[in-house]
Amino acid sequence: MTVKTPGELRNVVRGEVVAPGDAGYDEARKVHNGMIDKRPGVIVRVANAGDVMATVRYARDNDLALSVRGGGHSGPGFGTNDGGVVIDFSRMRGIRVDPSAQTARAECGATWGDFNAATHAFGLATTGGIISTTGIAGLTLGGGIGYLSRGLGLSLDNLLSADVVTADGRMLIASESENADLFWAIRGGGGNFGVCTSLEYKLHPVENVYWGPMFYEIEETENILKFYREYIKDAPEQMGAFPAFQIAPPLPFIPEDRHGDMFVAIVACWSGDPAEGERQFKAFHDLAEVKAEMVGPVPYPAINAAFDGLFPTGIRQYWKGNFVKELTDDAIAAHVRHGPKAPTVSSTMHLYPINGACHRVAPNATAFGHRDANFSMVILAASDNPDDDEDNTQWVRDYSDAVAPHSEVGGYVNFMDDDDNDRIRANYGGNFDRLVEIKRKYDPDNVFRINQNISP
Ligand SMILES: Cc1cc2nc3c(=O)[nH]c(=O)nc-3n(C[C@H](O)[C@H](O)[C@H](O)COP(=O)(O)OP(=O)(O)OC[C@H]3O[C@@H](n4cnc5c(N)ncnc54)[C@H](O)[C@@H]3O)c2cc1C
């Protein structure tokens, strides 16, 4: 029997169904980016894979737009829509760690905070994002860049299998040995191929790390970036370090008279022996005078939450990103011109290194494009004041235009905004045509289209 209304859907799912007019609807329709203000026809807080299957069928049979929400961090707000259906995983965040096999299976509502806490209990971790509230699912299915990428690869390089509900409402296991084409496509192709209910990851011994941000005078930008491009080429792979622009927040490790000043920073994480951390950080300390820093040994999950305060739920955001092969002198000149103009304390440019282990995976082994890029750059403006939106968006666009001639045309799908849809082919490079083929097989009617869409 076809389910036709949210009321009927309530009878077939175990989880909570929230529709307009219900108590809690306004809370349930929110996503992380406060610029997004959409009103779905129904939000289903799924309780199990069966709920996901029923909700996919409901959306498909009634030809309704379907959004899938894990952590809700999508910049363009793909985790919601106007008038359609939202599958919300926030009630499904169970994680089971197998310490002897060094694997973890996590339900797709888990955040990196949930995941890291669960695996840290066993002295294990895998590559995740740098903010604890980001969802494991959206981040992994698009790529997954973080402090551990140089040593352990992208998050998706650590994916062993996934349970996937496809457009026809079936559930498939995707792994190297089952539905291998689907497994290939979801490792980079995001939510285009189905709704993952759980993901299984390879874990690695990472317990405590030596970590911290180091702030330098903004006039040192050229010097810092020129040092960094050489240093990161062959730095030990346990070193995850990226340069950033940062207005000094009012934190105790920064001299009070410098609060609000703009700095160039290096944020570094040494995931080898923490006792060696101080020696590994010497290069950053010798490079220029560090005006403020907060470095030392910390449990890995703690660094994942260190910047959460800068990105609270509801903050208004605009994003752009590019892959970068070489950080040329001209690119550095563009960073020197635009980076210091970052408009708010939550606005920044981060240049994440994706060499090392990320390069040891063949370019066509997963759908993630651009294995030959050395960096994934993100420019992000964020503020809680709607009056800032126009200027902030313009800053991101101007900066992005200035660095574009020195970058790849494509960028990391998880750093794209909703005006970047014309870049999808470029984002996937040589993997795009195979993605289209697999999309035609698993989702010929484009049921999963609210994403960086690969049109069938
Ligand atoms: C504050 C902040 C920090 C970030 N830091 C990093 C970082 O360090 N490294 C990094 O790589 N990226 C980072 N990102 C980008 C992040 O990877 C993307 O925003 C990603 O989409 C977030 O995943 P989510 O589950 O939280 O988002 P959601 O908005 O819930 O989902 C985004 C999209 O992912 C897909 N998706 C989500 N869940 C599923 C599922 N279960 N099955 C199928 N498809 C699904 C859907 O297409 C969905 O629309 C950050 C984003 C923010 C806002």
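Two strands are said to pair if DSSP finds at least two bridges between them. The model described here is a predicted one.

**The open sheet**

In strand β4, Val85 is the bridge partner of Val42. Strand β2, residues 42-45, runs parallel to β4, and four bridges join the two. Both strands belong to an open sheet of four strands, whose order is β1-β2-β4-β3 and whose pairing is mixed. At its edges are β1 (16-18) and β3, each of which pairs on one side only. On average, neighbouring strands of the sheet are turned by 20° against each other, direction ignored. Helix α3, residues 49-61, packs on this sheet and touches β2, β3 and β4. The direction of α3 makes about 165° with that of β4.

**Salt bridges**

The count of salt bridges in the model comes to 36.

| Residue | Partner | Closest N to O distance |
|---|---|---|
| Asp88 | Arg69 | 3.5 Å |
| Arg425 | Asp433 | 3.4 Å |

The pair of Asp88 and Arg69 links distant parts of the chain. Asp88 lies in strand β4 (residues 85-88) and Arg69 in strand β3 (residues 66-69), 19 residues apart. Both residues are buried. They also take part in a network of salt bridges that links Glu16, Arg45, Arg69, Asp88 and Arg91.

The setting of Arg279 and Glu276 can be described by accessibility. Arg279 counts as exposed because its relative accessibility is 56%, above the cut-off of 50%. Glu276 has a relative accessible area of 27% and is therefore partly exposed.

**Nonpolar cores**

In soluble globular proteins, nonpolar side chains tend to be buried together. In this model, the largest nonpolar core has 133 residues. The members that touch the most others are Tyr147, Ile186, Leu199, Tyr216, Ile266 and Phe284. A second, separate core has seven residues, among them Ala248, Ile254, Ala265 and Ala292.

Apart from its neighbours within four places in sequence, Tyr216 is in contact with residues including Ile224, Phe263, Val264, Ala265 and Ile266. Its contacts also include Phe284, Leu287, Ala288, Glu289, Val290 and Lys291.

**A buried serine**

Ser383 is found in strand β19, which spans residues 375-383. Its relative accessible area is 5%, so Ser383 is buried; the cut-off for this class is under 20%. The side chain of Ser383 makes a polar contact of 2.6 Å with the side chain of Asp388. Neighbours within four places in sequence aside, Ser383 is in contact with Ile315, Arg316, Thr344, Asp388 and Asn392.

**Helix α15 and its cover**

Which residues of helix α15 are buried? In this helix, residues 432-442, they are Phe432, Leu435, Val436, Ile438, Lys439 and Tyr442. An α-helix has 3.6 residues a turn, so residues three or four places apart point the same way. The buried residues of α15 are covered by elements including β9 (171-175), α7 (180-189) and α14 (424-428).

Notes. Residues are numbered from 1 along each chain as its sequence is written. This is a predicted model: local features need pLDDT of at least 70, side-chain atom pairs count only at pLDDT 80 or more; totals for chains, interfaces and linings use all residues. Side-chain values use heavy atoms; hydrogens and water are left out. A salt bridge is a side-chain nitrogen of Lys or Arg within 4 Å of a carboxyl oxygen of Asp or Glu. Buried means under 20% relative accessible area, exposed over 50%, partly exposed in between (1.4 Å probe, protein chains only). A nonpolar core is a set of buried Ala, Val, Leu, Ile, Met, Phe, Trp, Tyr and Cys residues joined through side-chain atoms within 4.5 Å. Contact means heavy atoms within 4.5 Å. Axes are lines fitted to C-alpha atoms, for helices over the stretch in contact, and angles run from 0 to 180 degrees between N-to-C directions. A polar contact is a pair of N or O atoms within 3.5 Å; within protein, one must be able to donate a hydrogen and the other to accept it, and residues adjacent in sequence count only if both atoms are side-chain atoms.
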